[in-house]
Structure formats: C-alpha cells, structure tokens
Amino acid sequence: MLVGETTRGRDTRPGSCAGGATVTEPDLDHHGDAEVGAGLVDLAVNVRSAPLPDWLAKPVAASLADLAAYPDSRAATEAVAARHGRPAAEVLLTAGAAQGFVLLAQALRGVRRPVVVHPQFTEPEAALRHAGHTVERVLLPPPFTLDPALVPADADLVFVGNPTNPTSVLHPAGTLAALARPGRVLVVDEAFADTVPGEPESLAARRDLPGVVVLRSLTKTWALAGLRIGYLLGPRDLVRTLAAVQPLWPVSTPALAAATACAAPAAVAEEHAIATRLAADRAHLVAALRAVPGVTVPGEPASSFVALRVAGAAAVRLALRERGYAVRRGDTFPGLGPDWLRVAVRDTATTDAFIAVLTDVLKENQ
C-alpha cells in the first residue's frame, strides 16, 4: 500500500494478497488504555493527568442529587452553543466524541464513497465498517501534511482529524475548508483542538461551509474520560438526522453538568492557559526526543502527544514497559507501521526521566 494513495474496500481482518502472502490489517479497536498497567508511568493515553478544578468538580458532584430525574440537556446545549457562537439547533451533545462517529456511520448509510484520511484516530473507520460501509483510505506520508487533491472529488463523506491523533499534525483551517463542498459531509475530529492555544485552525464556529460537522471532546483536557461527554456541531438538518439515531437520554446528568461548566467563559480561558503550558512541555519533549540517536519526530507536533519513529518499535515498547513506562504502539494506525510509537506530553521532569530510560533502551538494543 503506497503512502499518499487512495485505497478502497479493504477489510480490517487478516487476509491474502497476490502470491499467497498474508496481509494483516491494523487492529482498529486497539486504544492506548490497553497499554496501561499497575505501576507504569502512563505515556500511552492522551488524557491530561490533573485533578478536577473546583468549578468543575462541584457542579458534577452536586448533580448526583438529581439522578432520580431523567437528564435534561437543554441548558448544556445552550451553553455549548453560546461557547461557539452557534444556534442550539446546531449542537448535539454526545456520550463522548466517539459516539458521534457511530451516529454518523449509522445515520448516513446512503453515502456512496466514504473516505477516511489516515493516519488518524481509528474509531471513524471502525464505526463505518461496523455499520456496513466500504471504506476508502487516503494515506498521508510523513510529515502527514494534508493535500486536498488526494481526496477523491466524488467522496461524499470524509473524515479528517485536526489536530490529528496520532501524528499531532495541525492542518490549516483553509486546507480543511477546501474539502467542503455541496453534496459532501466533511467530518473534522477536533477532539484535541483545545490543546492548541487559541484554537487558530478550528472550524467549530464556521457556519458558512456546506456539510461540515465538527466533533469535540471534553474528556482530554479536563480528565473526564470516564464521564463520557462530547458534542458535535453542524447544519441543523444534519444534527436532527443524527439525533434521530441517538439512544434516548444518551448523556448523563453529571456529564451535562460538566458540559455546562466547561463551556463557561472562565473555563475556556483556563483551557487556553493549559494549552499554552502544554505547548512548552511539548517543545521540551520534542527537543529531547530529537536528541536521542535513532529517533525521528516528523513535522511540528501541535497537540498533547507526539508520534515518533524508531527501528524495532515493538521491542522498544516492551523494553520501556519492563522499565516502568507505558507508550502507545503505532502499528495499529493505518498509514504508520511497525516502527512507530506515540508518547503523551507530560511535565518536564517526567519527560526527562523517560528520555533517560529510552536512551538506555536504544543503546542496549543496538
């Protein structure tokens, strides 16, 4: 499979190719939490490790007194809509951003040519395949820069991440906008948009582009992965279609309380401050990785994780695990392969300790 190539109709299961060679497709259902274990420093999961601030913890805790009533999403929906300058009818709250992929796959069964731009989060393709779609992949070569010309002109459903997991690439908003057109649903996964100071390339507030759906997550920066809260933004008719396939009361009362709190102006300001500090920690990690012989970091990472290339990554990952560090394997992402790992950005002390161990592991494996 060539990088920069569009590939169509590939199965996700092991199979055969010409000449009898076995082809094993990436495990689209593998996620970073599978790498984590007791006693390991977690560099595998892209969730910020920090306690909840009081302004978030208190309303979530207070909502437990209301669990006898069915969840009412109206206040949270209005808060999210105000945060992005959109009407409430263009907002759909979801049980984590990943639920949005499932809703799109289920509701848009009539699309003819769905395309997923890889490398990226594997859930969009997995959701499409589970819904019976035949999926095409557009594989971007390092440094994973998006070229709109690579996406087939007649693709009527396109998924792309920004910033993209696992490559940490931030695509320009203008490049993404060039993919929008009548008759196409363009899904931009912005689960990590809040890790970029000021969110300069976000399309969340853009209402002038046809068919654009933006997915957002509140679980990364605010360490709410267990609460399952996210949302999608898009044209009201499409939002109505997606809501029709959503389960009843899909978002819990505590999750709604979190969505309301996180949409407040003070929360958004704190989110931007966290992203600014993260940028400094990421720069420290990238510089340290690039100083390690045998390690390559492509492009300019922009999010809370960094993709790196190192020979024999599987053995390196296991050796790191034996020394107390969990990192994310990269071979489960289409478009990467056996020489890739993903590492979460942490504080500089954690990074320095990790780099020392990584350096020793690579010396031992020479």
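**Figure 1. Lining of the largest pocket in the predicted model.** Helix 3 supplies the largest share of the lining of the largest pocket, namely three residues. This close-up is taken from a predicted model. The largest pocket has a volume of about 530 Å³. Its lining consists of 24 residues, and those nearest the centre of the pocket are His31, Val45, Val47, Phe121 and Lys220. Sorted by class, the lining of the largest pocket comprises 10 nonpolar, seven polar and seven charged residues.

**Figure 2. Packing of helix 3 against helix 4.** Helix 3 spans residues 97-107 and helix 4 spans residues 123-130. The two helices pack at an angle of about 35°, and their axes lie 8 Å apart. The crossing of helix 3 and helix 4 is right-handed. On the side of helix 3, the contact is formed by Phe101, Val102 and Ala105, while helix 4 contributes Glu123, Pro124, Ala127 and Leu128. Of the residues in this contact between helix 3 and helix 4, six are nonpolar, none is polar and one is charged.

**Figure 3. Lining of the second largest pocket.** The second largest pocket holds about 370 Å³ of space. A total of 20 residues line the second largest pocket, and Arg48, Ser49, Leu278, Asp281 and Val345 are those nearest its centre. Helix 8, which covers residues 265-290, gives the most to this lining, with six residues. The lining of the second largest pocket divides by class into six nonpolar, six polar and eight charged residues.

Note on methods. Residues are numbered from 1 along each chain as its sequence is written. This is a predicted model: local features need pLDDT of at least 70, side-chain atom pairs count only at pLDDT 80 or more; totals for chains, interfaces and linings use all residues. Side-chain values use heavy atoms; hydrogens and water are left out. Axes are lines fitted to C-alpha atoms, for helices over the stretch in contact, and angles run from 0 to 180 degrees between N-to-C directions. Helices (H or I, at least four residues) and strands (E, at least two) are DSSP runs, numbered from the N terminus. A crossing is left-handed if the near helix is turned anticlockwise from the far one by less than a right angle, and right-handed if clockwise. Contact means heavy atoms within 4.5 Å. Ala, Val, Leu, Ile, Met, Phe, Trp, Tyr, Cys and Pro count as nonpolar, Asp, Glu, Lys and Arg as charged, and the others, Gly among them, as polar. On a 1 Å grid over the protein atoms alone, a cavity is a set of points where a 1.4 Å probe fits but cannot get out, and a pocket is an open set with protein on both sides within 12 Å along at least five of seven lines; lining residues have an atom within 4 Å of a point. Grid points are joined across faces, edges and corners, and a volume is the space filled by probe spheres set on the points.
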